[in-house]
Amino acid sequence: MSQLPHFQIYVDGAWTEGHAGQTMTTQNPATGEDWATFACAAPQDVDRAIAAARRALNDPAWRDLSQTQRGKLLYRLAELIEENAQELGRIETTDSGKLLAETSSQTAYVGDYYRYYAGLADKIEGAVLPIDKPNMHVFTRREPIGVVAAIVPWNAQMFLTATKLGPALAAGCTVVLKASEIAPAPMLAFARLIEQAGFPEGVVSVITGDAENCAIPLTRHPDVDRIAFTGGPETARHVVRNSAENFAVTSLELGGKSPILVFEDADLEGAANGLIAGNFGASGQSCVAGSRGLVHRPILEQLIAKIKEKAANIVVGDPMDAASQLGPLCTAAQIEKTVATLTAAKAQGATIHFGGKPLAQAGNYMAPTMVECANAETETLKVEMFAPVMSLIPFETEEEAIALANESSFGLGSGVFTQNLARAHRVSARLKAGICWINTYRAVSPIAPFGGYGQSGYGREAGIDAIHEYTRTKTTWINTSDKPMANPFVMR
């Protein structure tokens, strides 16, 4: 039997096994077979990575780089990502089951995120304040917030890393990046590009491991200044509790049960494609999955028929095959959760128009599924399954549609399909979600902020504002008078 590929963690510019010698095995979701092993960080490795990040933060090799020089390093990283997009995509597909067509193209596009923040690196500006005191010159400057703990899940690793690492490095921070212990291989491979780009040792470390030995020591470490977390709400609660130990500034990008509203005047072709993209794209393994389809009752049957017709031609298969449109789920646990949720929905009176079962083949394959819900309490409208399951429910009026859309503790994505421009503006303004796509779905850009409301988290990633979240503002007062400072017992 041939030896499986092995990935080490990257700490302070060195490739290493974890201090405790712990390793894990990762499976190929398309086959269910082990394909690689990886080293896991122990608390000592976390300490070492954070100590290196703190040292690098104050090391002239990083601290004294001009903002333009930091930008050039990010430009170089962007080039390396694009050059290696196919190989990184292959590793991610093998490890997570996502389609190679998506992982390779998404990885190549991620280069633009680093390029965007490279361009912003020397545009982080302060201000001279028109202060209300005589003989005072007062200005602000933005300084790096410090050591950043960036935690990413397995489902969109390169993208979700770029939205943290890009602005953090552009701002002059140092970063300890924790990859999920589920399918971490792409992040550990990506670390080689960070090394190759020429970042000083300790500026970026890439580790992975379980909660007890890695995530908890990382998020509660006293030398962490900022936590940028993407994952589930339950884990986020632990992260927030841990941050009470270090008062780290924290941002959370969590899950969702995003609504897609389809009005009777919508272009049905576009609406059907939007619902398919929002539910079957990435096999439904997306935090912005539009898994609550709210459809104007007069067009419900017609829209169901159109989606059925399109879904009949979806190619489910090997994610490495360019012809495949829907691949396996990352873990067997997702299959189990989906089957249980569908069983509960059927007991509540829901109708499954197609799919509804795992496919009888090797790997974690779930058939694309459409559920017509009997009421708003149907289980598939409540549970984030991370699977290719589309749930539809009719509405009668615009007001009812908005109320149904906002009847969720989540608020990440949303979609509106209508040809009425006034309605598009009116409805999107009332949806409680951080993102609203109109007559499209699942589009992203480094220029556009990304984040949610409620249990979908807080803070924003991407866009120009994100870079400011990795800085602190310092205010400097200069007395320009040639006279000595006056009465020390009176505030000026």
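This is a predicted model: local features need pLDDT of at least 70, side-chain atom pairs count only at pLDDT 80 or more; totals for chains, interfaces and linings use all residues.
Helix axes are taken here as lines fitted to C-alpha atoms over the stretch in contact, and the angle between two of them runs from 0 to 180 degrees between N-to-C directions.

The axes of helix 4 (residues 85-96) and helix 5 (residues 100-120) come within 8 Å, and their crossing angle is roughly 135 degrees. Angles over 145 degrees would count as roughly antiparallel, and those from 65 to 115 as roughly perpendicular; helix 4 and helix 5 are therefore oblique to each other. As for handedness, helix 4 and helix 5 make a right-handed crossing.

Turning to the strands, an open sheet is built from 3 of them in the order 6-7-23, with antiparallel pairing. The edges are held by strand 6 (127-129) and strand 23 (471-479); each has a single partner strand, so one side of each is left without a neighbour in the sheet. On average, and with direction ignored, neighbouring strands of this sheet are turned by 25 degrees against each other. Between strand 7 (residues 136-144) and strand 23, the antiparallel pairing extends over 9 bridges.

Next come the open spaces. The volume of the largest pocket is about 900 Å³. Its lining consists of 37 residues, and those closest to the pocket centre are Pro153, Trp154, Gly231, Gly232 and Thr235. Several secondary-structure elements take part: helix 8 (211-219), strand 11 (226-230), helix 9 (233-243) and helix 12 (332-347) each supply at least two residues of the lining of this pocket. Helix 9 gives the most, with 5 residues. Sorted by class, the lining of the largest pocket holds 18 nonpolar, 13 polar and 6 charged residues.

Searching the whole structure gives 5 cavities of 30 Å³ or more, and the largest cavity has a volume of about 90 Å³. Around the largest cavity are 14 lining residues, with Gly284, Ala289, Ser291, Met385 and Phe386 lying nearest its centre. The lining of this largest cavity is made up of 7 nonpolar, 5 polar and 2 charged residues.

Technical notes:
Residues are numbered from 1 along each chain as its sequence is written. Side-chain values use heavy atoms; hydrogens and water are left out. On a 1 Å grid over the protein atoms alone, a cavity is a set of points where a 1.4 Å probe fits but cannot get out, and a pocket is an open set with protein on both sides within 12 Å along at least five of seven lines; lining residues have an atom within 4 Å of a point. Grid points are joined across faces, edges and corners, and a volume is the space filled by probe spheres set on the points. Helices (H or I, at least four residues) and strands (E, at least two) are DSSP runs, numbered from the N terminus. Ala, Val, Leu, Ile, Met, Phe, Trp, Tyr, Cys and Pro count as nonpolar, Asp, Glu, Lys and Arg as charged, and the others, Gly among them, as polar. Two strands pair if DSSP finds at least two bridges between them. Angles under 35 degrees count as roughly parallel, over 145 as roughly antiparallel, 65 to 115 as roughly perpendicular and the rest as oblique. A crossing is left-handed if the near helix is turned anticlockwise from the far one by less than a right angle, and right-handed if clockwise.
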